[in-house]
Amino acid sequence: MDTLIIQGGHPLNGNIRISGAKNSALKLMAAALLTDEPVELQNMPNLADSRFMARLLSSLGVDVYWPQNESTCRLNAADISSTIAPYDLVRKMRATFNVLGPLLARIGHATVSLPGGCAIGARPVNFHLEAFQAMGADIVIEQGYVKAAAIRGLKGAIIDLPFPSVGATEHTMMAATLANGTTQINNAAQEPEIVDIATMLRAMGAKIEGAGTSCITIEGVDKLNGVNHAVMPDRIEAGTYAMAVAAAGGDVLLENAPAKEMTSLIEHLRHAGVTVTVENDGVRVMRNGSRLKAVDVDVQPHPGFATDLQAQFMALMTTADGVSTITENIFENRFLHAPELNRFGADIRVQGKTATVHGVDKLVGAPVMATDLRASVSLVIAGLVAEGETVVNRIYHLDRGFEKLEEKLNACGASVTRGSE
Ligand code: UD1
């Protein structure tokens with residue numbers, strides 16, 4: 001199994017180009033099932049997760065053309081040969097569950113394994129299923145599979161989400177594009193990826209209003225057409241590198257970083273004493289030698305502080321001056337990185353949904369274990385700051401979500417190499 005070996009203590013200087021957003025790309029790929037015409041996605045991130053979604057789509061009969069290391073992916077779902085998404089192709093990654101809605105909307109039935117994903121909490125799919133039931137689908141769960149049917153098609157409905165779930169909002173919005181009548185999603189999530197998906201769906205002929213607000217209205221159409229769409233830049237990747245620079249010190253331009261979608265993080269970084277400037281071609285992050293100040297974080301749905309940046313911010317706070325309180329309000333078990341960060345000499349105490357980080361003078365390199373995607377990269381950030389050598393084990397989590405991580409960091413002066421256990 002691969003490991004990452006990091007020699008800490010090098011500041012980061014230079015440019016890092018931000019890739020396409022994983023969380024958007026995976027859903028855009030699933031949306032290709034909604035049309036029998038070609039869908040071309042540009043700025044696609046080459047990641048284990050997006051490659052995995054391509055495999056799942058192929059298994060359903062989608063013609064996928066995506067050569068290795070290329071950022072353009074062509075999908076053609078003219079002939080869907082299967083509506084069954086098997087356990088082996090769904091268990092590794094939750095976003096694969098998003099093929100259910102498009103299959104149901106276009107073909108009228110689908111059988112999809114219940115999803116897997118990160119170990120950060122229960123992550124049920126009840127909101128997704130309740131939405132499809134409200135739209136007239138018959139749903140049974142048998143032997144770990146969701147069997148859904150809407151033989152006469154889905155029909156528009158009013159969906160009141162109990163929580164602004166990103167996945168349920170996206171999934172319902174996609175399926176509603178081909179439903180009979182109008183669907184209204186109340187208490188919708190407002191994440192920028194939802195806007196990206198709505199933009200592509202509209203270019204395919206869908207009628208969607210309000211994406212990016214808490215109320216989305218979708219008027220169903222009979223058919224969607226093909227499209228060329230460029231995936232939005234990854235605000236989570238950009239935010240992660242912003243925190244790596246803030247932690248290690250230096251001056252890096254994050255090319256293509258979507259500043260408008262990163263306002264909460266940028267504010268927190270500035271409060272901590274990091275210089276962040278928004279430039280024409282991205283976001284510049286600078287920190288000289290002075291010590292960071294402790295800042296509290298209250299994780300909330302967008303536009304609040306993103307849960308996908310919480311672990312990285314915690315790593316940043318480990319050496320700040322003072323005490324920082326970090327409250328996680330989205331997932332119930334998203335502090336798995338705290339004990340790992342303590343192995344570097346950090347002082348983090350977790351109680352319920354709050355972690356209290358007492359800033360220490362320095363971190364010292366250690367062997368650590370990656371537990372989930374975003375937690376893994378928080379360990380890399382700690383390793384960049386720590387004195388001496390850090391070995392991060394189980395880095396397959398990192399490969400799920402960060403394209404060319406070592407290459408991007410090393411180009412800015414870091415020392416990160418891949419080894420094996
Ligand atoms: C997406 C992102 C993930 C991010 C999360 C929150 C992708 C591939 N993943 O995950 O990186 O951390 O948004 O910003 O885009 N819930 C239910 N029932 C449901 C659905 C959700 O109870 O049917 C709960 C979840 O357990 C969680 C909360 O709602 O506590 C938010 O989850 P959700 O917004 O749905 O996250 P995902 O879409 O899975």
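Let's start with the overall layout: the protein chain splits into domain 1 (2–19 + 233–420) and domain 2 (22–230). Keep in mind as you look around that this is a predicted model. If you take the centres of domain 1 and domain 2 over their C-alpha atoms, they sit 30 Å apart.

How do the two domains meet? On one side of the boundary, 22 residues of domain 1 are in contact with 23 residues of domain 2. Another way to look at such a boundary is by area: the size of an interface is often given as the accessible area lost when the parts come together. Here, domain 1 and domain 2 bury about 1,900 Å² between them, and 53% of that is on carbon and sulfur atoms. Three residues stand out on the domain 1 side: His302, Arg400 and Glu403 supply 32% of the area that domain 1 buries against domain 2, more than any other three residues.

Stay with His302 for a moment. A cis peptide bond joins His302 to Pro303, with omega at about 10°. To find the spot, look for the loop between strand E18 (297–298) and helix H10 (310–317), where Pro303 lies. Another backbone feature turns up at Asn43, a residue other than glycine with a positive phi, near 55°. Asn43 is in a loop too, between strand E3 (38–42) and helix H2 (48–59). What makes these two places worth a look? Most residues other than glycine have a negative phi, and most peptide bonds are trans.

Now for the ligand. Where does it lie relative to the two domains? Domain 1 and domain 2 both give residues to the shell around the ligand, so the ligand lies between them. Of the 18 residues around the ligand, Arg94, Asn126, Ser165, Asp308 and Ile330 come nearest. Helices H1 (22–31), H5 (126–134) and H6 (166–176) each supply at least two shell residues, and H5 gives the largest share, three residues.

In the side chain of Asp308, an N or O atom is 2.6 Å from a ligand oxygen. With Val166 the backbone takes part: one of its N or O atoms lies 2.7 Å from an oxygen atom of the ligand. Asn23 has a polar side-chain atom 3.1 Å from a ligand oxygen. As for how covered the ligand is, taken alone it exposes 740 Å², and the protein buries 87% of that.

Note on methods
Residues numbered from 1 in each chain as written. Predicted model: local features only at pLDDT ≥ 70, side-chain atom pairs only at ≥ 80, totals over all residues. Heavy atoms only, no water. Near = heavy atom within 4 Å. Polar contact = N/O pair within 3.5 Å; in protein donor to acceptor, adjacent residues only side chain to side chain. Areas by Shrake-Rupley, 256 points an atom, 1.4 Å probe, with all protein chains shown as cover. Helix = DSSP H or I, 4+ residues; strand = E, 2+ residues; numbered from the N terminus. Domains from an automatic or database assignment. Contact = heavy atoms within 4.5 Å. Buried area = accessible area lost by both parts, 1.4 Å probe.
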